[in-house]
Structures are given as structure tokens and as C-alpha cells.
Amino acid sequence: MTLFIEQCLNGLQFGLLLFLLAAGLTLVFGIMDLVNLAHGSLYMIGAYFAATFAAWTGSFVLGALLALVATLIVGMAVEVIVMRRLYGRDHLDHVLGTFGLILFFDEAVRLIWGPEGLSLPLPSWLNTAITILPGFDYSAYKFSIIVVSLVVAGFLYVLVMRTRVGMLIRAGASNREMVGALGVNIKLLYTLVFGLGAALAGLAGLMQAPILTVQIGMGENILILAFVITVIGGIGSIRGALVAALLVGFIDTLGRSYLPDFLRMMFSKEVAATAAPALSSMLIYLLMAIVLVVKPEGLFSAAGK
Amino acid sequence: MSGAFTPRNIVAALLFAALLLLPLYAHFANDRFLLTLFTRIIILAMAAVSLNLILGFGGMMSFGHAAYLGIGGYAVGILAFEGVPSGFVQWPVALAASALFALVIGALSLRTRGVYFIMITLAFAQMAYYIIAGLARYGGDDGLTIQKRSQFFAPINLTDKVQFYYLCLALLLGALYLAWRLVNSRFGLAIQGARSNDTRMRAIGFPTYRYKLVCFVIAGTLCGLAGALLANHTDFVSPAMMYWTRSGDLIIMVVLGGMGSVIGPVFGAVALLVLEETLSGITEYWQIILGPLLLLVVLFARGGIDGLLGKVRHG
């Protein structure tokens, strides 16, 4: 039972982390109509910055904050230099242009930090287990990821639903031309939204960094997951991204831990051992395929296109 | 009004003449690597030609085309591993498996459009990737070494590098001919009509879904053949050959060469792979040049190489 609770918490933690990544992606998707494959690179850069700044300052928290700011700046610079020129173009151009950016960022990271990965050690106060329920301990760091993600999700909700900037973001998602025609500085809004998305991706990257190693290409795998989430949730919908991210987080985590046992009940040991890893990696893609076949616009389609 | 001597035709003719004579040069210069490199380029050009059928002419932005490379390759690899070395079995199986996969995912994916289509094809390709990476019997993540290339009757021997090169080249020319016939047929015109305006095509009575699906299956089958060739070329198959970045590479070839031109993807494949080879000779960090270069092509050279060649003619 404790194992099950632990796996559920792991699923929640992974899902929330994916949400941070997918939220930025879906905002950029929904508002600028931009397919940004390089979103995973910002995730990677966030992790690299955090590892470097934490080593410089000697403080995990300070390093993380600096990394967040740095990723925000990189994101806004990328928007001004490159992305701005891609708006209004074909989706294929987006795919290709941002694919070029991935190559650039991967290689730039290799050039600056070298081909070996970095590690971001946890401070001792996070590297312990805390007792959540009587008789149930959980990693303090993973628990703090859950807390931070929930706080950020709440902040995002307030920002998008309760502030003037959020109102403009929502308006931009449903009708860009009209917002521009009403005299809103669309360029600045776009730069801000892209920077916000980059910072969220960077936050996800730096929080994941102590759990996994910081390495080149770390963004590519998780990027596909973030895309799956935005598509399941409906492009442009933050609420959809949250629901889909949690769904994917739970299904992936629980699938990996329970599918082997489940298959062993029905098939021979050999079949289960062969099929389980492949099947658990496939589960979320299967989910996406089913969602798209049943609801081709995703679960919560934001724009009424 | 320059007839057959347009810049595009001249460049294409020069390219194919060079490809025809390449083994001769490689023989005299004793440069075996060049032959290997260009065999690979020709095979990937064939994959790009197949992708162009759906991407350039059909307007279907598939982001999972590398899956067929893997399926075609693994059909050869698995049959060889199980003691069926005959190419007369391996290649038809590779084609049939790719066609079947294309039929299933095409039938589902073509219900969606736009970004959703990009993503769903990507998702299906990733599913195929994970299935194959999970086949522990056939090496899983590490891949599968092919001990013996596909066996055909007496004079044909795929282990002969020059012979294999010419076989690939002949198949590429065949693929180009097929693509050319296809896009200029009534079927091809219907597909291109559906790309420009799907609703109108349906309104005048074309069942565009079925047309597109057939096109999708033809493209997948052709790419499966390229996969079977690639497996024979490298004597090795691994899930990496169908990873999503591979699909990205194929898209780059098509767009770089020029979408919607039959010969364009061949230009693109040659340009991209020769560029990669040259840049990696200059610096270890060649992708830092290639990445921005791609971006520049997207931003400023729409229509790719083929488009540039077309422009020369107009002034």
C-alpha cells in the first residue's frame, strides 16, 4: 500500500513537472500559433544554468533563481532574434526552423560545457526523507517539487485568469488580429509570453536536474511528452495541459511500475518480461492516439477554430 | 522558353552523371569511403523522395516517416536473424510490413489535420520505436547485426559494394520515375488539389480521404524499401534509425531540396549529407553551423535548392 501511495506521488510529481513544460508550449502554440521544437532546449539550458550557478554560488536555491532569470533572458532573446520571424509562416517552417535551433543549442552546450553531463547535487536539507503520513516517508526533494509546481500552477492560474496581462493572453489566444487592432502591443506581449514559457521550461529542467543527470539531448525526450500533453489537452488550453499532464504522469509512472506484474498474471513470465517495457513506454502514445481519434481537437480545445 | 536546358535540368543531369561515374572515380582514387557515403546518400534520397509524395504533393506533414526506414530495415534484419536470407522473401515482407503500418496509422491520422496531424504521426512513429526497442530477442536498444546481406540469384551479389551502389541508384531512378508518373496522373492531380483546397475537392466529388490514404501508403511502402536497402548497407539495424530526429532529417532533406518538385529531395539529400560530411571535417562542432544554416534556409530560401534553380531561369 505504501508503495502504491509512493508511486501515486511520483506520478503526481512527474505530471506536474510535465505540466510546467507543456504550459509554456501550449501558450506559445495557442497564442502565436508557433510549433516550437526548441522548447526542450530551453528545458536543457535551465538545467545547465542551474548546475553552473549552483556550483558558483554554492547555494542550490540561489543557483536555481539565477538560472530561472537566465533562461527567461535566453528565451526572450530567442524570440526577438528568431521566433518573431517565424510567426504567420507555415507549420512546416516552424518545425524546420526550430529543429535547426535544437541542433544549435545542443552543439552550443557541448561547446561550452563539454560532452560529459553535469550533476546538480542536492543540499542536505533537501536530500532527506520526510514523514508525510504516519509510517510513510517520502523524498523531501520530490515533495518540494510537487509543492513548487503547485504554487507555480496557482500563480499561472492567477496570472492568466485574474490579471490584465492574462486577459490579453487569453484574448490573444482566441483572436490575435482583434487584440492587435485594439491597440495592444502584440510584439511585446509575444516576447513576454515566450519568455514566460521559456522560464517555465527552465524551471522544469532545473528541478528535474538533481534527479537525472544534466546532459545534452535531455530536452528531446521530454519534449515529445510535452507535445503529447498539449495535443491531448487541446492546443492553447492551460487547463487541458494540466489535466493531460497529470493523466500522462500517472499513466506513465503507474504503467512502468505495475504493468510487468499485471502482464505476469495473464501471460507467461517470458512474454511479460519482453512486452512490459515496450508496452509501458507506449501507453501514453496509445492514449494520445485514442484521444485524437475520438476527439481530434483534444480534450479541452481553447480556440474555437 | 529555354526548353530542356533549364538550370534545374542541367544540374539534375550533371548530378546523375556524377552519380553514375562515382564508382569509377572511387576505384581509381582508391576512396572506398566515398562509395559508402554516396550509397547512403542515395538510399536516404529515396526515403526523402517518398516523403515528398505526401509532404510536398499531398500537403500531409508527416513527422514519423523514419518509422518505415526502421520497419523495412527490421523486416530484413529479423528474417536474416531467423535464417531466411533470401531477398525474395525479405524485401516483399519489408514492403508489405511498411504498407500495412502506413495503412493503419494513415487511416487514423488522416482524420486529423494541421498540427494535430504532425503530432499524431510523430506519436505513432514513437510507438513503433518503442515496440522495436523492446524486442529483447532482436537486440532491443542495442540493435541487431545482420550477418548476411539479402540473397538473390547468381549474378546479383549485394556484398559487392559497386554492384550494391548501382542497384540503389537504379532503384532511386525507379522511385523518381514512379513519383513523376504518379504526380502527373489524374490521381496525383487529385492529391494536389486536395492539398490546395480539400473542401472544394470533396464538393466536386473526390473522396479525398481515400486518395490521401492511398498516397500515404505508397509513400510508406517506398520508404520501407529504402529501409531494407539501408539495413543491407550498414549490415546493422537499430531503433536509432527510426528515432524522431531521423524523421526531422528527412523533412530537412525534402524542404532543403524543394518541396513539391519530384527531383528536389534528391538535391536536398545530397546537399544535406555532403554538407554534414564537409562541416564535420572542418570542426567537431559542425551542428552549430548547420542549425543556423537551416534556419536561414527556412527564412530566406523558400522553395529550397530547386526553387533557387528555378529562379535563375526567370532572371
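Predicted model: local features only at pLDDT ≥ 70, side-chain atom pairs only at ≥ 80, totals over all residues.
## Contact between chains A and B

The contact takes 37 residues from chain A and 36 residues from chain B, two residues being in contact if their C-beta atoms, placed from the backbone, lie within 7 Å. On the side of chain A that touches chain B, helix 4 (91–113), helix 9 (218–233) and helix 11 (269–294) of chain A are the elements that give two or more residues. Helix 4 of chain A gives the most, with 16 residues. Helices (H or I, at least four residues) and strands (E, at least two) are DSSP runs, numbered from the N terminus. The residues on this side of chain A divide as follows.

| Class | Members of the class | Residues on the side of chain A that touches chain B |
|---|---|---|
| nonpolar | Ala, Val, Leu, Ile, Met, Phe, Trp, Tyr, Cys and Pro | 26 residues |
| polar | the others, Gly among them | five residues |

Residues are numbered from 1 along each chain as its sequence is written, while chains are lettered from A and ligands numbered from 1 in the order in which they are written. The model scores ipTM 0.82 and pTM 0.87. Chain B has a mean pLDDT (the predictor's confidence in each residue, from 0 to 100) of 89, and 97% of its residues reach 70 or more.

Chain B has 13 helices and two strands. Its C-alpha trace spans about 50 × 45 × 40 Å along the principal axes. Among contacts in chain B between residues at least 6 apart in sequence, 77% join residues at least 24 apart.
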